[in-house]
Amino acid sequence: RIQQLFLLHSKGAGTNPPPRPRSTARKMPVYKKVEVLDIEDEGDVSNACYYEAIVRDVAPDGKLLIGFDNDWRDPIWVMPSLVRSAAPPKPGNYDPSIDQAVEVKARQGENEPYGWWKAVITTKRNEENGSALFMVHFEGWDDFDDIVSQNEIRPRNGNPSFAQIPLHKVSIPVPKGLPVDQLDESLYAQMQSPSSLFSVYVAQRERKAGDAKHSLVCIGHQAAVKNARLLAKLEFKHRKHIQEIRKERTKDVEKLKSQEEHFSNCEVLTLNILDGTIGIVIGKGGSNIKKAQKIKGVESVKVNDEKKQVIIVAVTREAANAAREILEIVKSVFPVPVELFGRFVGKRFKEVEEIKEHSGVISIRAAKKERFLDAKRNSSRGGEWDNNGGLDAQAEDWADSDPVPKAVIDLEIVGNPSKVESARILLSQRIRNVEEIDQELTSNRVIKERLDVLQNRYGVRNGRGRGQGGGARGRGEGRGGGEDRGGKKAG
C-alpha cells in the first residue's frame, strides 16, 4: 500500500483532509503574519491546523481580532492561547528523518488556503534527483496518511502562544494636518521592523471638537508598543517636515510650469561680450542694464561674467531688439588707403571725430601700423557681419580690381550695431569725397605739369614776361604767372 501511495504521489494524485465550508471575507490590510489555530469544537485541537493571519485588534480582556489571509474568512475574536507568531524560515539544509514530528502544508478543500498540520514522518524515500518523498501520519486522524514532498514539510513551530506573551494595543493620535490616506503602509514599513510590532494601521477615532481625527494603532508586545510611542512621535515630526517640503515643491512645480509656458513664448537673445567691453555694456552703475530692463516687454537682462554673455528675455522681438541696441557692442574695421589717410582723418583727427559724434559710436581709433590688402577684392559696399558681431574687414568699401596690393591703415569702430553701421556709411562717404577731391587735385596737377612743360619750352614764366632766348621781347624768364614791374599780373 505504501509503494502504491508513493507511486500515486509522484503522478500528482495525493489527497487532502476533508473540506469544511467557509464564509467570504472583506479585504483587509496585511501586516506581520501570525498563525491562528483553527478548531471545529472549542478545546479540541487534536486534528486542527494553523492558518496564516493578522492581528487586527486587542480587546480589554485579552482576546484578539484575527483577520485571515487572502480574505477567505470574516475576522473573528479568538483567545490569545490559539494564536502564535509565524514560524521562522526553514533552514536550507533541512532534511527530516523517520519518526520526526513535523508540520505539513495541506488544505481541506480547493476553496480554502493551505494550513500547517501536525504530523509524524512514518516513511522516507530518496529520489534519484536528490529530493525526497515522505509518508506522514496526521495527528488526530486515526487512518489518514499522505505522501508529501520536502517543500511541504517544516519543523514544528515552537513559538509560544500570545497567552504566554500577551499582546498590547496603543492608539497614538495623528497630528492634525497630516494626511492619513496613505499612512498605513508607509508607517508599517518605517515602524514595524525596528519595534517588532505585529500590526500598525490608522483608525478613525471618536473625538471632541479640536481633537485629532485619526489614531495610529500599534499592536505588539509590551516593549514593542512602548518603543512605538517614541517612534511615532519622531515619525510624525519627520512626516510633518516632509509634508512642508512637498508642499513647497508643489508650489515650485506650479510656478515652474507657469514660467516654462510663459518663457516658451518669449524671445531669448544671447549676446557675446567682446574683450574689454564689459564695463561699456553694463554702463556706469549698471545704467545700461537698468535702461534695457525698463523697456516695455523686456522680462529680464542677465550678465554672465564667466561666459562673457548678456542674455535678454523679452515678450516680443521688438522689445528684445530694443534692449539689444542698448547692450550689444560690436567692433568693425574700416580700412583707409595710406595715401589718403592724412586728408581723410583731417587735422588733429577732426574729420573722424565729427563722424564719431554724428553716428554716436563709442570710439573710432586708428591702427598704429599699416597693412597690405590682397589684390582683386570684391568691391561691395557696407561689408558683411562676421560671427563675432563685427563687420567683415575683407569686404572693403573702396576696393577695386587693381592687381597691385594696397597699403591701408585700419580704423577700429566700437559701438552699438546700428551706430557702427551709421559710422561706416559716413566713413564710406568720407572716402568717396576724399577720393573725388584727390582725383580733382590729380587732374589739376596734371594740367599744371603740362603747363610747366609748355612754359619751359617757350621760355615763359607764370604766363607773362619775355624769355631769355629766341628773340622774345619780354624781359621775363617765361610765360608763367609773373608780375611786371608795375605790380600787375601779366596778360
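Two strands pair where DSSP finds at least two bridges between them, and helices (H or I, at least four residues) and strands (E, at least two) are DSSP runs numbered from the N terminus. The views show a predicted model, in which local features need pLDDT of at least 70, side-chain atom pairs count only at pLDDT 80 or more, and totals for chains, interfaces and linings use all residues. Residues are numbered from 1 along each chain as its sequence is written, and side-chain values use heavy atoms, with hydrogens and water left out.

**View A. Overview of the protein.** The protein has nine helices and 20 strands. Of its 491 residues, 37% count as buried (buried means under 20% relative accessible area, exposed over 50%, partly exposed in between; 1.4 Å probe, protein chains only). Its accessible surface comes to about 30200 Å², and 48% of that area belongs to carbon and sulfur atoms (Shrake-Rupley method, 1.4 Å probe; for residues, only the protein chains shown count as cover). Among contacts between residues at least 6 apart in sequence, 60% join residues at least 24 apart (contact means heavy atoms within 4.5 Å).

**View B. Strand β3 and its antiparallel partners, β2 and β4.** Strand β3 (residues 64-68) is mostly covered, with five of its five residues buried. In a regular strand, side chains alternate between the two faces of the sheet. In β3, L64, I66 and F68 point one way while L65 and G67 point the other, and all are buried. Strand β2 (residues 49-58) runs antiparallel to β3 and is joined to it by five bridges; V58 has L64 of β3 as its bridge partner. The hairpin formed by β2 and β3 has five residues between the strands, and G62 there takes a positive phi near 100 degrees. Strand β4 (residues 76-78) also pairs with β3 in the antiparallel sense, over three bridges, and I76 of β4 is the bridge partner of I66.

**View C. A salt-bridge network that includes E103 and R84.** Side chains of opposite charge can pair when their charged atoms come close. The structure holds 17 salt bridges (a side-chain nitrogen of Lys or Arg within 4 Å of a carboxyl oxygen of Asp or Glu). One of them joins E103 to R84, with 3.1 Å between the closest N and O atoms. This pair links distant parts of the chain, since E103 lies in strand β6 (residues 101-106) and R84 in strand β5 (residues 83-85), 19 residues apart. Both partners are covered: E103 is buried at 1% relative accessibility, and R84 is buried with a relative accessible area of 5%. A network of salt bridges links E35, R84, E103 and R154.

**View D. The surroundings of S161.** S161 is found in the loop between β10 (153-155) and β11 (168-173). This serine is buried, with a relative accessible area of 14%. Apart from residues up to four places away in sequence, S161 touches P80, S81, V83 and R84.

View E. R239 forms a salt bridge with E235, and the closest N and O atoms are 2.8 Å apart. E235 counts as buried, at 11% relative accessibility.

View F. Helix α8 (residues 350-359) has V352, I355, K356 and S359 as buried residues. These residues lie on the same side of α8 because they cover an arc of only 100 degrees around the axis (the arc of the directions from the helix axis to the C-beta atoms). Their cover includes α7 (338-345), β18 (363-366), β20 (406-415) and α9 (417-458). K356 forms a salt bridge with E357, the closest N and O atoms being 3.6 Å apart; E357 has 54% relative accessibility. Just after α8, G360 takes a positive phi of about 85 degrees.

**View G. A nonpolar surface patch that includes Y458.** L451, L454 and Y458 make a nonpolar surface patch of about 310 Å² (patches are made of residues with over 30% relative accessible area and no salt bridge; like charges are joined within 9 Å, nonpolar side chains, namely Val, Leu, Ile, Met, Phe, Trp and Tyr, within 5 Å). Y458 has its place in helix α9 and counts as exposed, at 53% relative accessibility.
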